[in-house]
Amino acid sequence: MKRRACRFLRLLTVAAVLAASPLSLRAQLSMPCRMFDLPNGLHVILHEDHTVPVIGVNLWYHVGSARERAGRTGLAHLFEHLMFEGSGHVPLGRFDEWLEAAGGDNNASTSVDRTNYFESAPSNALDLTLFLESDRMAFLVDSMTPAKVDIQRDVVKNERRETYENQPYGEAWLLLDENLFPPGHPYHSPVIGSMDDLTAATYDDVVGFFRRYYIPSNASLVIAGDINPEEARKAVTRWFSDVPAGPPVQPLNAPLPRLTSERRLVAEDRVQLPRLYMAWATPAQFAPGNAELNVLSLILAGGKNSRLYRRLVYDLRIAQDVTAFQEENELSSKFYIVATAREGHTLGELERIIDAELGNLSGILPDRREIARAVNTIQASFVDRMERMYDRADQLNAYFTATGNPDYFAEDLGRYGKLDPDGISAAAKKYLDPAVRVVLSVVPAGRKDLAAEPPEGGK
Amino acid sequence: MISWRLLIAAAGILVVCGSAPGQKPDRSAPPPPGPLPELHLPAVQHATLSGGIPVVLLEKHNLPLVQIEVAVKGGVAEDPPGKAGVASLTATMMQEGAGGRDALAFADAVDFLGATLTAYAGWHTSGASLHTVSAHLDSGLVLLRDMVLSPRFPEEELGRKRTELLTSIAQWHDDPSAIASVLFHVTVFGPDHPYGRPTTGMESSIRAITTADLRSFHDSWFQPGNATILVVGDIRMDDILPKLERLFSGWAPGKVAPRVPYPAPHRRPTAIYLVDKPGAAQSEIMAGSIGIERKSPDYFAVQVMNDILGGSFTSRLNQDLRETHGYTYGASSSFEARLSPGPFVVRTAVQTAVTAPALAALLLELRAIRDPVTPDELSRAENYLTLRYPQNFQSVDGITSRLSELVTYGLPDDYFNLYADRIRSVGGENVRAAAMRCVVPDSLTIVIVGDRSLIESGLDSLHLAPIHILSVDEVLGPVPKTGRDD
């Protein structure tokens, strides 16, 4: 993230999920788009909604931390920061000044797979947003300097401190990434990168990264909201026509090493209460099993009547909180269960209950009401994401990137309509397998006795 | 003919695509904005239920969503003496069973709809809010009615919630931003002012609160004569009124409690409070004082002034501390304008090693904002605030917040349309006058949570003000001990 946002960014990166719904709702959620390609390869998606005179402009570059090489972790995200520091025709500082003067906001985020840049602005500022985005796509390096890299290196290091090191339990996420995917896997390194690698990144790395990945054919642009599509098409064509094409980016097709056994870790932190993390590598977004696992996260920990909340927090009162969620990605998703023990309770106690409940999913199949609760909740959260144009534009781009169809809502909803108790139970058994997961205990300093037990129960 | 038209259309496309690479856009200056688009909001509609409850509605039909909020006067500021946290805990417990349903059954009913139904306690208002897809409106409304009119406040659930709250307070001990926030507010407002206390209360008051206290708070403030119903989304007045009439006709009026008075806080001379957090990677900084009330004549000038100081990405604080020096991931300032003057605060988290120079830079900006701002800064702030305003109306939740602002502060129905004029008529003189009144460098409370061994000598050498050293326990009290049945 370029700037401070929600502390729980991870939850926001979980792609929106959809649910089975009445046909009438599906019809209302159809978001028709017009698409075209520029000769330089930029793919453009236009979507009209005139409710409020606002546009969401959203540009995805199909590059994230998965493309980084060893010794340069964090480069994709550091690069994201540098995209705001001026370009050939936009002096340092003016990107934000000009946009704010037009009533616009902007931000960006980097994931393992992609980097997205977005503006929310009054509809009369369309040309300005396209000028700014096209200028940095075409002319970023014209104004890049080692001094700019140095300043943003410091900002990003402070982002790392604020988000991870100085956050209670914050470093757990870094440990989980590094252990869930073995060395050599594109998702092995956390997106934020290591302090050493951030220190090592050079001006030449930045320029090389730009030339290789920030080319029109590796990007897709969505404009959603108060637009006249024909005028928007002309404006995009005008502003992006002088962006040079580049050699196409080849898909990632390295072999994907997998976890072959359970990994158990203990970390000490400056915290009052121990917290247990379980993490699994799960099927990629839209792959078989993906929808089942999204529903499972809610059956396990969505609301008071969910299986884990009910046992750990409500009935036994041995946990302060429990969450389960999936971060969906192109090569592999990640499924997490996280629970904090109450005073006087150990993570071993929590783990035994969680394992028992995961096992129970085979014996006590999810009933219709459990599934309906989950699916209705997913569906409602999806409608909410359609409200603001910048959210809607990002969803259209996400669907386009994953499926080739930005208006993929009906198909996505359809996946959830087909789920049945047996399939959900089978997905839990297959993918939430204790034999291939990471179990991390974060305990107060000096209190390793509160951790989940090592394998075989011994110490 | 048909084939000709097709051919022309196809040729048109070819012309556009074919000629595009040759047309270089003019990048010599940023393109000027087009004509300003107007925000055409539907009118704010008013009606009154037969029992006298006002209903305020704003329609929005692009998505099948409705948000309905029952808001009452009376909030955290009405917590009785020694019982800080009652308003907040009342709201929490309104979600723990109502009408014919216990806590689990009630949660199941809400979750089954995929709806969000929450009760809240603000500083001066409380309420309950339903957010749902239109198809589930009728079922959701019944649950909303039950939550507002007949919460059960079961003893057993209070025990659960008390333990959760005390555990949360234990967890604040880990969190530099929570520690800084508690200390900053109690220092600025004092422990007897509601704005000086955490809305949840602290250990002793949380332990003192009983279900009788919750009932009493609910009976006092959740009164039809005290309530307004806000409706936003894919619904019309003619459709919603009969439903509300039917559901809320049984809401019997009682005696509306008078608001509780509290002392006016006083500004204090500048002082630094350093809370030791050994090993902290950053220093959490809060610096500020008493700000303004919502009805202050300075309200609009303060919006513009704060935008320039620390209210946007290009604000002086963020540009200097982040973009020029790289001390931090971000620095910002805010004024919370409430019924009484709320806090003015600058917040940032900086790398431990640069704590002293970062604080010096921060204070320099607080002095500099009292000098005239440049015309460029002024016009950028005016534009940012006014042109961005329509974005608030994209979501039913955003619109409900704006309607709630109208009701809470008695603003006129055309306020949304007047806002831009008010901001644009502020001018540089008033910005400066507001800064002189509201940003007072010799009356600042400066709270720093960080590693004392690494930052104290640097802070000393700034010779700013007396430095008071505190432990985390001195700020938050000892870590609460909790058993199963607290």
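Student: In the hairpin of strand 1 of chain A and strand 2 of chain A, which residue takes a positive phi?

Tutor: This is a predicted model. Four bridges join strand 1 (residues 34-37) of chain A to strand 2 of chain A, and the two run antiparallel. Five residues lie between the strands of this hairpin, and a positive phi, near 105 degrees, is taken by A:Gly41.

Student: Which residue in strand 2 of chain A is the bridge partner of A:Asp37?

Tutor: Strands of a sheet pair through backbone hydrogen bonds, either parallel or antiparallel. Strand 1 and strand 2 of chain A run antiparallel. In strand 2 of chain A, the bridge partner of A:Asp37 is A:His43.

Student: Which residue in strand 6 of chain A does A:His43 stand opposite?

Tutor: Strand 2 of chain A is also joined to strand 6 (residues 219-225) of chain A, by six bridges, and these two strands run parallel. In strand 6 of chain A, the residue opposite A:His43 is A:Ser220.

Student: How many of the six residues of strand 2 of chain A are buried?

Tutor: Strand 2 of chain A covers residues 43-48 and is mostly covered. Of the six residues of strand 2 of chain A, the number buried is five.

Student: Which helix of chain B gives the most to the side of chain B that touches chain A?

Tutor: The contact takes 70 residues from chain B and 69 residues from chain A. Elements of chain B that each supply at least two residues include helix 1 (2-19), helix 3 (103-113) and helix 5 (155-172). With seven residues, the one that gives the most is helix 3 of chain B.

Student: Which helix of chain A do the buried residues of helix 3 of chain B pack against?

Tutor: The buried residues of helix 3 of chain B include B:Phe106, B:Val110 and B:Leu113. Within chain B, these buried residues pack against strand 4 (116-121), strand 5 (125-133), helix 4 (137-149) and helix 5. In chain A, they pack against helix 14 (368-385).

Student: Is B:Phe153 buried or exposed?

Tutor: B:Phe153 lies in the loop between helix 4 and helix 5 of chain B. Its phi is near 45 degrees, a positive value in a residue other than glycine. The cut-off for a buried residue is 20 or more other C-beta atoms within 10 Å. B:Phe153 has 20 such atoms, so it counts as buried.

Student: How many other C-beta atoms lie within 10 Å of A:Arg317, which is partly exposed?

Tutor: A:Arg317 lies in the loop between helix 12 (307-315) and strand 9 (319-327) of chain A. The phi of A:Arg317 is also positive, near 55 degrees, in a residue other than glycine. A residue needs 20 or more other C-beta atoms within 10 Å to be buried. A:Arg317 is partly exposed because the number is 19.

Student: What distance separates the C-alpha atoms of B:Ser181 and B:Met286?

Tutor: B:Ser181 has its place in helix 6 (residues 176-189) of chain B. B:Ser181 is buried, with 21 other C-beta atoms within 10 Å. B:Met286 is 105 residues apart from B:Ser181 along the chain, yet their C-alpha atoms are separated by 7.6 Å.

How values were computed
Residues numbered from 1 in each chain as written. Chains lettered and ligands numbered in written order. Predicted model: local features only at pLDDT ≥ 70, side-chain atom pairs only at ≥ 80, totals over all residues. Contact = placed C-beta atoms within 7 Å. Buried ≥ 20, exposed ≤ 12 C-beta atoms within 10 Å, placed from the backbone. Pairing = 2+ DSSP bridges.
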